[in-house]
Amino acid sequence: MDHHALSVEMRSLSKAVDRYLGESMPESARMATGGNAHIIIFLARNRDRDVYQHTIEQKFCITRSTASRVLTLMEKKGLIVREPVAHDARLKRIVLTDKADAIVADLKANGERVEKMLLKGLTAEEQAAMRDYVRRMRANIDAAQREYEQDMKEESK
């Protein structure tokens with residue numbers, strides 16, 4: 001039996017899902033390519049709180065430079081605006097524009113359709129177990145990353 005590293009299989013699945021989401025995206029939402037769609041949905045689901053660039057970096061596990069580049073492109077496309085906040089002149093709150101709001105429903109519907117397709121044939125218990133496994137693996141990698149960063153700080157002293 002062929003055993004592949006689980007992390008490789010998970011990355012492959014993630015890439016296949018992203019590719020399929022992009023290919024099956026409704027025409028109305030085609031301007032929201034790749035990660036843009038994920039960020040738009042995240043912002044739509046978090047309207048009740050302030051979201052900043054560092055929030056996007058943490059949520060999507062991307063570097064500061066990647067987040068800056070992606071958000072700048074989204075701004076140029078008219079999907080987001082960055083608004084200053086009163087309590088800290090350095091921070092800019094990220095807000096969806098009306099243009100992005102117009103495609104949120106289509107993006108959500110496409111995501112829900114793909115989620116349903118992915119989970120087809122899995123029982124509610126299997127789905128719950130899968131979510132638990134993923135949550136625990138995420139916690140493991142987050143802890144390892146923190147430990148690594150701490151070790152790097154120690155070495156640089």
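Helices H2 and H4 are roughly perpendicular to each other (a class covering angles of 65 to 115 degrees, with under 35 roughly parallel, over 145 roughly antiparallel and the rest oblique). The model is predicted, local features need pLDDT of at least 70, side-chain atom pairs count only at pLDDT 80 or more, and totals for chains, interfaces and linings use all residues. Residues are numbered from 1 along each chain as its sequence is written, and side-chain values use heavy atoms, with hydrogens and water left out.

The axes of H2 (residues 35–45) and H4 (residues 64–76) cross at roughly 80 degrees and come within 11 Å. Axes are lines fitted to C-alpha atoms, for helices over the stretch in contact, and angles between N-to-C directions run from 0 to 180 degrees. Helices (H or I, at least four residues) and strands (E, at least two) are DSSP runs numbered from the N terminus. Contact (heavy atoms within 4.5 Å) links Asn 36, Ile 39 and Ile 40 of H2 with Val 70, Leu 71 and Met 74 of H4.

H2 also packs with H5 (residues 98–119), at an angle of about 100 degrees and with the axes 10 Å apart; H2 and H5 are therefore roughly perpendicular to each other. On the H2 side the contact involves Ala 37, Ile 40, Ile 41 and Ala 44, and on the H5 side Ala 100, Ile 103, Val 104, Leu 107 and Lys 108.

Strands E1 (residues 80–85) and E2 (residues 88–96) pair in the antiparallel sense over 6 bridges, pairing requiring at least two DSSP bridges between the strands. A hairpin of 2 residues joins E1 to E2. Arg 82 has Ile 94 in E2 as its bridge partner.
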